[in-house]
Amino acid sequence: MSWLAEAAMVYRLRWKRRRLLFRAFRKRRQLKPVINRTHQINPDDIIAASTVRNELVRLPHFLEHHRDLGVNHFLFVDNASDDGTQEYLSKQPDVSLWSTNSSYKQSRFGVDWLTWLQIKYAGGHWCLMLDADEIFIYPHHDTRPLKALVEWLDRNDRQSFGALMLDMYPKGPVKSHIYAPGDDPFKVLCWFDGGNYVMQKQPKLENLWIQGGVRARKFFGDNPRRAPTMGKTPLVKWNKRFVYVSSTHSLLPRWLNHVYEEDGGEGASGILLHTKFLPVIVEKSSEEKERQEHFANSALYDGYYDALKDNPDLWCEGSTQYISWRQLEAMGLMSRGNWV
Amino acid sequence: MLVHTAFDRAEQVARHWAAAGCPIVFHADKAVPAKTYNAFVKKLSDLPDVRFAQRHRCEWGTWGLVAATQSASEVMLQEFPDVRHVYLASGSCLPLRPVQELIDYLVDRPHTDFIESATTADVPWTIGGLDQERFTLRFPFSWRKNRFLFDRYVAFQRSVGFRRKIPNGIVPHMGSQWWCLTRQTLSAILEDPERRHYDRYFSKVWIPDESYFQTLSRLYSRQIESRSLTLSKFDYQGKPHIFYDDHLQLLRRSDCFVARKIWPYAERLYRAFLTDQAGAMSRTEPNPGKIDRIFAKAVERRTRGRPGLFMQSRFPVEGRENGLTCAQYSIFEGFSELFENFESWLAKMTDMRVHGHLFAPDAVEFSEGQQVMNGALSNNAKLRDYNPKAFLASLIWNTRGERQCFQLGPRDTFKKIEWDIAKDPNAQISVITGAWAVTLFKSNANFSDIRREAARLQQIESKHLEVLRSQWAKARIRIWTMAEFVEAPMEPLQRIIDEIGKQ
């Protein structure tokens, strides 16, 4: 009977996917176009999509890095920024921008809005779904553009590419450092936790649930189950019928979640360098705690925000200093698989 | 030169060949739109020794590729009577050494055909199991577009025992499709009175472009060197590796004349190899073997992975891990209870990092009371117990190069991991049974509490020993009773330490 249960599950997930797509469709009116340059998108272009709120500090480097990798067009949703993010983004030549004042949490952390934009503009394109504090890297990213990676994935019949989110942090209290917009954030945030990750396969969606890193070590020692999820699938050859389920951790249809090998071999994978712990985090934490917009059970994370407000030092003796992707590859945090 | 995409690169390479005086015949895939093709033809119209062959539809693994090669070869032999060697290249081939060096090399070997050509029995290349069968079955369905029908039809033919007859008793040979043949051999193949016969046979062979010329050249060649002058590397599925900018040094080191496939956007490679490197006339033999190791390692990485590593793109199901851990480690049970200062003594006697009870209930006892180990592995017991298997695998992985050792006892929380340890061939487990009683004996607790605690620990220990003695245990396990051990303690200790390998 197990095949029957399996078939029922597949059927339920199909309806779940349709429900989520419809949800995105209903939310479309919340988006007001600020500037739409999507007519610039060419058939082979690589698109990035992101929801932002007051990210003026991070955006210059974010855009520069991903442009250098070869992202051709950016789709942004601005969720009620008041620091000039909207003005900054609308001036960028390769950015299409929408704005909304509706709830981030109600929009499944921005995913509903982006799903609608992806339905409209990203079908058939390789699409990179990121937060403004995520810097995507992959094996050979310094010498091979993103185009080389997606062509290689195409040749290997892969439609999705997984990445581990790596929390980067400074040595010393987070606020004791200076960061100017546009600087390389990893001059300040040059440390990370190299080997304390735990993972399990999720029975329903079959994605890997990865936890660990500095936030698990520092803030969730009493309740490791609550520690943030670190596995993501940010790069997908998009189809209008695809949908992200929770943030970019998992997708439907679920075969897109199979970005790992189970036969002992190693597939290729990348890293999202997480710039969350720039000095601005201390102020942002108070605000986020007030807004309660970032977690499904936001109240449970008060302790986490309180700890962040106290300007903590995340560094420890066992921290590793970031050098290059080759180092991350050798440490086993990502893999080039057979992409030599 | 067979081209189907990246025409600007093909043009660039063509000009490079032409500049060295080589005539070129192009074959463009019939699927290429007329507009693109005509533009390409027009662009090359200033080169006198360029011709274009009749176009065929070239789908991977089909006869079209051979037909294309035949047409182009005929044009080449007819139009350019001075040509002695014909080099089959593709639009994504890139000459790595000055063309003049290749010309000199071929002038020195006027009667040699360079074509990789081996029987199916000789080589284990073929991926997917179709080796001899590709010559004896029929393949009317496309492998790329109709995999299901392809597989079903193969299975059907196997089940009814169907075999095609190989004409005239020729011996099928296979090899890289990129060859360099002499005029004599090539013309003999093309003008063979039996050619219609052969063509009909090979047109239904699986991937004929890897066997048509490879087989027939064996009939006529005066001298065959069974190797391709074109460097190409294949991954574990038989797909060619693509060369990017960062392969520059690697390609230089290979000393090969031509390489494929080059990524069309690899600007640095095209710039480096297509600028004239006059002067440095080296006489080195091509040596693709020099760079083999890197590609062999990639296959290994992709198919076996790094044992003991669990990560976002390697999460083997149980039984496929190639070991839970990546290196050997030692577990001592009962030793630190029996001997005072056992841990510091052991650390002094060996090169190991000696931890206390890593699975102690309250906190992880890392060596020297460290709060975090390599890789920022925390001593928080809750984090450890959340996934003890990952904890142990991470510890051993993070400390590669330094052997780890830790204490274990019935007071520890090891229930979730004891089977994993017992089944791990990297574990060396030495047990003194009953040694936990020493601590109880020395304690100042009430008698009934001691008795209750002793019963509990004994029960845990006996279950643990069952696991260690089970038929599935793969660790190197030694078990002594406390009485045995106390009687002659030095000898077993010496054996353990000898095994660890460092006095």
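Predicted model: local features only at pLDDT ≥ 70, side-chain atom pairs only at ≥ 80, totals over all residues.
In chain A, the secondary structure comes to nine helices and 15 strands. The C-alpha trace of this chain spans about 50 × 50 × 45 Å along its principal axes, and the radius of gyration of chain A is 19 Å, which agrees with the value near 20 Å that a compact globule of 340 residues would have. Of these 340 residues, 48% count as buried, a residue being placed in that class if 20 or more other C-beta atoms lie within 10 Å of its own. When the contacts in chain A between residues at least 6 apart in sequence are considered, 74% of them are found to join residues at least 24 apart.

Chain A contains an open sheet of nine strands, in which the order is β1-β4-β3-β2-β5-β11-β7-β14-β6 and the pairing is mixed. The edges of this sheet are formed by β1 (32–35) and β6 (134–137) of chain A, and because each of these has a single partner strand, one side of each is left without a neighbour in the sheet. From one strand to the next, the twist of the sheet averages 25°. Within this order, strand β5 of chain A, residues 126–129, is paired with strand β11 of chain A, residues 231–237, in the antiparallel sense and over three bridges. One of the residue pairs that join these strands consists of Cys127(A) and its bridge partner in β11(A), Val236(A).

The contact between the two chains takes 45 residues from chain A and 47 residues from chain B. On the side of chain A that touches chain B, the elements that give two or more residues are the helices α5 (146–155) and α6 (213–219), together with the strands β7 (160–167), β9 (198–201) and β10 (208–211). Sorted by class, the side of chain A that touches chain B has 14 nonpolar, 18 polar and 13 charged residues.

Chain B is assigned two domains, with domain 1 covering residues 2–304 and domain 2 covering residues 329–502. The C-alpha centres of domain 1 and domain 2 of chain B lie 60 Å apart.

Several backbone details remain to be described. Most residues other than glycine have a negative phi, and most peptide bonds are trans. In chain A, however, the peptide bond from Leu252(A) to Pro253(A) is cis, with omega near -5°, and Pro253(A) lies in the loop between β13 (250–252) and β14 (270–274) of that chain. In chain B, a cis peptide bond joins Arg260(B) and Lys261(B), with omega about -10°, and Lys261(B) is located in the loop between β12 and α10 (267–274) of chain B.Positive phi values are found in chain A at Glu206(A), where phi is about 60° although the residue is not a glycine, and at Ser247(A), where phi is near 45° in a residue that is likewise other than glycine. Glu206(A) lies in the loop between β9 and β10 of chain A and is partly exposed, with 15 other C-beta atoms within 10 Å. Ser247(A) is placed in the loop between β12 (243–246) and β13 of chain A, and with 16 C-beta neighbours inside 10 Å it counts as partly exposed.

Definitions and conventions: Residues numbered from 1 in each chain as written. Chains lettered and ligands numbered in written order. Domains from an automatic or database assignment. Pairing = 2+ DSSP bridges. Helix = DSSP H or I, 4+ residues; strand = E, 2+ residues; numbered from the N terminus. Axes fitted to C-alpha atoms, helices over the stretch in contact; angles between N-to-C directions. Contact = placed C-beta atoms within 7 Å. Nonpolar A, V, L, I, M, F, W, Y, C, P; charged D, E, K, R; others polar. Buried ≥ 20, exposed ≤ 12 C-beta atoms within 10 Å, placed from the backbone. Rg over C-alpha atoms; globule rule 2.2 N^0.38 Å.
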